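Student: I am new to this structure and would like a close look at a single part of it. Please start with the overall layout and then go to the detail.

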Amino acid sequence: MSRYVVSLLLFAGLVFGMLYGAAVWFPAALTAGYVLPISSYFFLVTLGFHVGLVRSAKGNPSMFIRYYMAATTLKLFLHLGVLVFFAVLATTGVIQFVITFVAHYAVYTAFEVVIAYRFSRSAT
């Protein structure tokens, strides 16, 4: 588990640096002020997802699959809810927030799929 946390920290730092740099270079598309809060949000959600994934893998292998599918669906709705909540409350910068959020979503989802695949291969 500690190896995963270190990997996630390094990954989060890399993503933060790349998106923050992109926000500085392309301020019309991304806003640097959104990168840290969104990165923190995705770090915590990803960490929580992995903790649940590890716990579900103990015992019944079909529970791992059920947890993965249910958690992925719930995360999708959670992320959609965050986007809608911000879009309704914000008066400016909605497009930049959405672009930054979706960029994080795509990168973190790819990371989670790779990690879950490796985890499922090592657990069997």
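Student: Which pattern does the protein chain follow, read along the sequence? After that, please take me closely through the packing of helices α1 and α2.

Tutor: The model is a predicted one. Read along the sequence, its protein chain follows the pattern α-α-α-α, with 4 helices and 0 strands. The C-alpha atoms fill a box of roughly 50 × 30 × 15 Å along the principal axes. Of the 124 residues in the chain, 32% are buried. Contacts between residues at least 6 apart in sequence are joined in 70% of cases by residues at least 24 apart.

As for confidence, the chain has an average pLDDT of 85, and 95% of its residues score at least 70. Among the elements, the lowest mean pLDDT, 85, belongs to helix α4 (residues 94–123), and the highest, 90, to helix α3 (residues 61–89).

Now to the part you asked about. Two packed helices are described by the angle between their axes and the distance between the axes. Helix α1 covers residues 2–25 and helix α2 covers residues 32–57; they pack at an angle of about 160°, and their axes are 10 Å apart. Because angles over 145 degrees count as roughly antiparallel, α1 is roughly antiparallel to α2. The crossing of the two helices is right-handed.

On the α1 side, the contact is made by Tyr4, Val5, Leu8, Leu9, Ala12, Phe16, Leu19, Tyr20 and Ala23. On the α2 side, the residues are Ala32, Val35, Leu36, Ser39, Phe43, Thr46, Leu47 and His50. Sorted by kind, the residues of this contact comprise 14 nonpolar, 3 polar and no charged.

Apart from neighbours within four places in sequence, lysine 75 is in contact with Val45, Phe49 and Glu112.

Threonine 72 also lies in helix α3. With a relative accessibility of 32%, threonine 72 counts as partly exposed. The C-alpha atoms of threonine 72 and phenylalanine 49 are separated by 8.5 Å, while the two residues are 23 apart along the chain.

Methods
Residues numbered from 1 in each chain as written. Predicted model: local features only at pLDDT ≥ 70, side-chain atom pairs only at ≥ 80, totals over all residues. Heavy atoms only, no water. Axes fitted to C-alpha atoms, helices over the stretch in contact; angles between N-to-C directions. Parallel < 35°, antiparallel > 145°, perpendicular 65-115°, else oblique. Left-handed = near helix turned anticlockwise from the far one by under 90°. Contact = heavy atoms within 4.5 Å. Nonpolar A, V, L, I, M, F, W, Y, C, P; charged D, E, K, R; others polar. pLDDT = per-residue confidence, 0-100. Buried < 20%, exposed > 50% of the residue type's maximum accessible area, 1.4 Å probe, protein only.
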